[in-house]
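Thanks, everyone. I will go through a few packing details in this structure, starting with helix pairs and ending with an aromatic contact.

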Amino acid sequence: MHARSVRICDMTPTKVQFRRDLLGLGYTDHRLGSMCERDQVTRLRRGAYVSTDALGQADALERHRLQITAAVHDLRRPAAVSHVSAAVVLGLPLWNADGALVRVHMTRSGSGNGNSNVRKIMHSVPLPDDQVIEFDGISVTSAARTIVDIAGMGLFEQAVCMGDHALNNALISVDDLDTALGSLRGCKGAAQARAAVRAMDLRSESVGETRCRLLLTRLGLAPTSLQRVVRYEGKYIARVDFSHDDEGIVGEFDGMVKYRLHGQTGEAQSRALADEKAREERLTSLGLKVVRIVWKDLVDPDAIVGRYSRARTLARNSPPPLWDPPRQSDVYLPRPR
C-alpha cells in the first residue's frame with residue numbers, strides 16, 4: 001500500500017507529525033524507521049517526527065518549540081508548560097539561556113521531586129489555576145508565574161530582563177509577580193525569585209538597558225533614576241536612559257542603534273546620526289556629562305568604570321549643570337500594547 005502524499009521531508013520548522021496521523025496516511029513503522037536511518041526525518045520523542053532539514057534550519061527557540069509540541073502531545077495527565085519553555089511559548093525575551101532549553105519544562109501542581117528524563121523536566125510545586133492560561137492551544141503558566149519560576153531556577157539576570165519587558169509593556173503588574181511569589185513560599189528557589197522581583201523596573205525599555213542597569217548597580221554606579229526627562233527653564237531637552245542627578249551625569253545605552261532602523265538609506269542613517277549628535281550637544285550645553293555604553297561594554301566593566309571616573313572628574317571641576325528638578329508629571333508609565 002502506497003502512502004498518500006504528506007511530504008514529511010518538506011515540513012516547516014514548526015510542524016511536528018505524529019505516528020498515529022502518519023499511519024492513517026499509509027505510512028508504516030518500518031518506513032518511518034528507514035526514513036530516520038536515512039536522516040530524512042528526526043524522531044523528537046516516541047511517536048513524534050519532524051523533517052531533519054527543517055530542524056537543521058531552525059534556531060534554538062524554534063527547535064525548543066518543536067520539542068514542546070511533542071512533549072505536550074505525549075502527556076498522559078494534565079500539566080502546564082512552564083519555566084523557560086513557557087517563556088518560549090509566550091514570546092518573552094530570552095538571552096543566554098540555550099543551556100536551559102535542552103529539556104522541556106512542565107509543572108504539575110503538587111509537591112515532591114516531579115518526574116524528569118533526558119527530554120523533559122516535570123516540576124511538582126503549587127500551581128493555582130489562575131496562574132495557568134491557554135496560549136496557542138496549550139496550557140502554559142502565566143507570564144508572571146513564568147518569570148518568577150525562571151528566577152527560582154537561578155537565572156537571575158534573564159528573569160529580570162523578562163520581568164522588565166513584561167512590566168514595561170503592561171503584560172503583567174507588580175501585584176501579579178507578588179501573587180506568583182506567594183504561591184512558591186517555602187519552595188526551593190523562592191529566595192532567588194524574590195531577589196529578582198525586587199530588582200525589576202518597568203522603566204527599562206530593552207534587554208540591553210536592563211543588563212546595563214544591573215551591571216551599573218553591581219559596579220556601585222547605580223543611577224538615581226531611569227528615563228529621566230531633562231528640561232531647562234521649562235523647555236524639554238531630551239529623555240535619557242540613566243541619570244545621576246546629584247553628579248550631573250547622564251548615561252545612554254546603545255543610543256545610536258536606537259535610531260538606525262532596518263532598511264534605512266544611507267542618507268536617512270546620516271540624518272539620524274546628526275540628530276543624535278545634536279541631542280547630545282543640547283545635553284552637554286547644560287553642563288551635563290554624558291556617558292555612552294554599548295553592547296560590547298557589558299562584557300568589559302573596566303571600560304564603563306573608566307568612563308564614569310572621567311565623567312565624575314569633569315563634573316567636580318565644572319559648574320553645576322543647568323537642568324530643572326524632576327516633575328511629578330514625568331513619572332514613567334508602562335506602554336500597553
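Start with helix 7 and helix 10, which are oblique to each other. This is a predicted model, so keep that in mind throughout. Helix 7 covers residues 156-168 and helix 10 covers residues 207-218; their axes come within 9 Å and cross at roughly 130°. The crossing of helix 7 with helix 10 is right-handed.

Which residues make that contact? From helix 7 there are Phe156, Glu157, Val160, Cys161 and Asp164. Helix 10 contributes Val207, Thr210, Arg211, Arg213, Leu214 and Arg218. By class, this contact of helix 7 with helix 10 has 5 nonpolar residues, 1 polar and 5 charged.

Next, helix 7 against helix 9, residues 190-199. Here the axes are 9 Å apart and the packing angle is about 45°. Helix 7 and helix 9 are therefore oblique as well, and they too cross in a right-handed sense. On the helix 7 side the contact uses Phe156, Ala159 and Val160; on the helix 9 side it uses Ala195, Ala196 and Ala199.

Is Ser183 buried or exposed? The relative accessible area is 17%, and the cut-off for buried is under 20%, so Ser183 counts as buried. Leaving aside residues up to four places away in sequence, Ser183 touches Pro126, Pro128, Gln131 and Arg145.

Last, the aromatics. The structure holds 1 aromatic pair. Phe253 and Trp295 form it, with 5.3 Å centre to centre and 75° between the planes, in an edge-to-face arrangement. Phe253 is in strand 11, residues 249-253, while Trp295 is in the loop between strand 12 (289-293) and helix 13 (301-316), so the pair ties together parts that are 42 residues apart in sequence.

The two partners can also be placed by accessibility. Phe253 has 3% relative accessibility and counts as buried. Trp295, at 42% relative accessibility, counts as partly exposed.

That is the list; questions are welcome.

Notes:
Residues are numbered from 1 along each chain as its sequence is written. This is a predicted model: local features need pLDDT of at least 70, side-chain atom pairs count only at pLDDT 80 or more; totals for chains, interfaces and linings use all residues. Side-chain values use heavy atoms; hydrogens and water are left out. Axes are lines fitted to C-alpha atoms, for helices over the stretch in contact, and angles run from 0 to 180 degrees between N-to-C directions. Helices (H or I, at least four residues) and strands (E, at least two) are DSSP runs, numbered from the N terminus. Angles under 35 degrees count as roughly parallel, over 145 as roughly antiparallel, 65 to 115 as roughly perpendicular and the rest as oblique. A crossing is left-handed if the near helix is turned anticlockwise from the far one by less than a right angle, and right-handed if clockwise. Contact means heavy atoms within 4.5 Å. Ala, Val, Leu, Ile, Met, Phe, Trp, Tyr, Cys and Pro count as nonpolar, Asp, Glu, Lys and Arg as charged, and the others, Gly among them, as polar. Buried means under 20% relative accessible area, exposed over 50%, partly exposed in between (1.4 Å probe, protein chains only). Rings of Phe, Tyr and Trp (its six-membered ring) pair if their centres lie within 6.5 Å; planes under 30 degrees apart count as stacked, over 60 as edge-to-face and the rest as tilted.
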